[in-house]
Amino acid sequence: MVEYYILRRWEKEGKITSTRTSGGHRRYTTEDLSNVNKNKVKNPKMTIGYCRVSSSDQKDDLKRQVQNVSQYCTANGYSFKIVEDLGSGLNYNKKGLKELIVLIESNKVERIVINYKDRLLRFGFEILEQICEFHNVEIEIINHSEDKTYEQELVEDILSIITVFSSRLYGSRSKKTKKVKETIENL
């Protein structure tokens with residue numbers, strides 16, 4: 001049995017048409033419904049659970065995200081795949097993010113489920129959201145954070161940028177320091 005909200009969504013998307021009774025109830029033909037089901041079997045779209053952490057020392061947080069997103073998808077009856085990613089929210093060159101974009105562009109995704117908005121991207125979320133809208137992909141955020149003022153979001157964004165770049169700077173310095181120490185020890 002197909003739920004009423006699914007029938008209304010299909011009608012809104014133009015997959016089926018309805019006739020209305022004098023009381024305003026919708027009526028669908030069995031032919032329309034069987035055609036939709038045939039198309040659905042031919043080209044099934046999936047739900048992607050996207051989980052990301054910034055560094056390898058946050059593996060426990062990644063496991064919690066995967067568990068939380070999996071439980072959410074299972075509770076909602078979604079057939080889903082989890083895509084895990086490791087890298088900064090400022091890095092657009094992550095393996096999992098690339099895989100997600102390819103799946104969206106090939107029209108294989110019905111929805112993306114994320115734990116928090118910033119787990120997908122720190123900056124550029126709106127661009128990915130627009131791409132999803134073009135491909136009729138819904139983004140479901142499990143845990144919405146409280147509404148923040150523009151100033152609060154700006155401060156968080158600036159702190160993120162400073163953190164990323166200072167990590168890169170000090171990381172590269174530590175490599176240089178190690179090389180200098182190794183050279184001195186070898187001499």
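Before I turn to the structure, one term: contact here means heavy atoms within 4.5 Å. Helices (H or I, at least four residues) and strands (E, at least two) are DSSP runs, numbered from the N terminus, and axes are lines fitted to C-alpha atoms, for helices over the stretch in contact, with angles running from 0 to 180 degrees between N-to-C directions.

What we have is a predicted model, in which local features need pLDDT of at least 70 and side-chain atom pairs count only at pLDDT 80 or more, while totals for chains, interfaces and linings use all residues. Residues are numbered from 1 along each chain as its sequence is written, and side-chain values use heavy atoms, with hydrogens and water left out.

Let me start with the sheet, which is open and has 4 strands in the order β4-β3-β5-β6, with parallel pairing; two strands pair if DSSP finds at least two bridges between them. At the edges are β4 (80-86) and β6, each of which pairs on one side only, and the twist from one strand to the next averages 25°. Across β3, β4, β5 and β6 lies helix α3 (residues 59-75), which runs at about 160° to β3.

Strand β5 (residues 109-114) is joined to strand β3 (residues 46-53) in the parallel sense over 5 bridges, and to strand β6 (residues 138-141), again in the parallel sense, over 4 bridges. If you follow Ile114 of β5, you find it as the bridge partner of Tyr50, and in β6 the bridge partner of Ile114 is Ile141. Met46, for its part, stands opposite Val109 in β5.

How many of the 6 residues of β5 are buried? The count is 5, so that the strand is mostly covered, where buried means under 20% relative accessible area, exposed over 50%, and partly exposed in between (1.4 Å probe, protein chains only). Within β5 sits Ile112, which is buried, with a relative accessible area of 0%. Leaving aside neighbours within four places in sequence, Ile112 has contacts that include Ile48, Leu100, Ile104, Cys132 and Ile139.

Finally, the axes of helix α4 (residues 95-105) and helix α6 (residues 125-134) come within 9 Å and cross at roughly 30°. Angles under 35 degrees count as roughly parallel, over 145 as roughly antiparallel, 65 to 115 as roughly perpendicular and the rest as oblique, and α4 is therefore roughly parallel to α6. On the α4 side the contact is made by Leu97, Ile101, Ile104 and Glu105, and on the α6 side by Leu128, Ile131 and Cys132.
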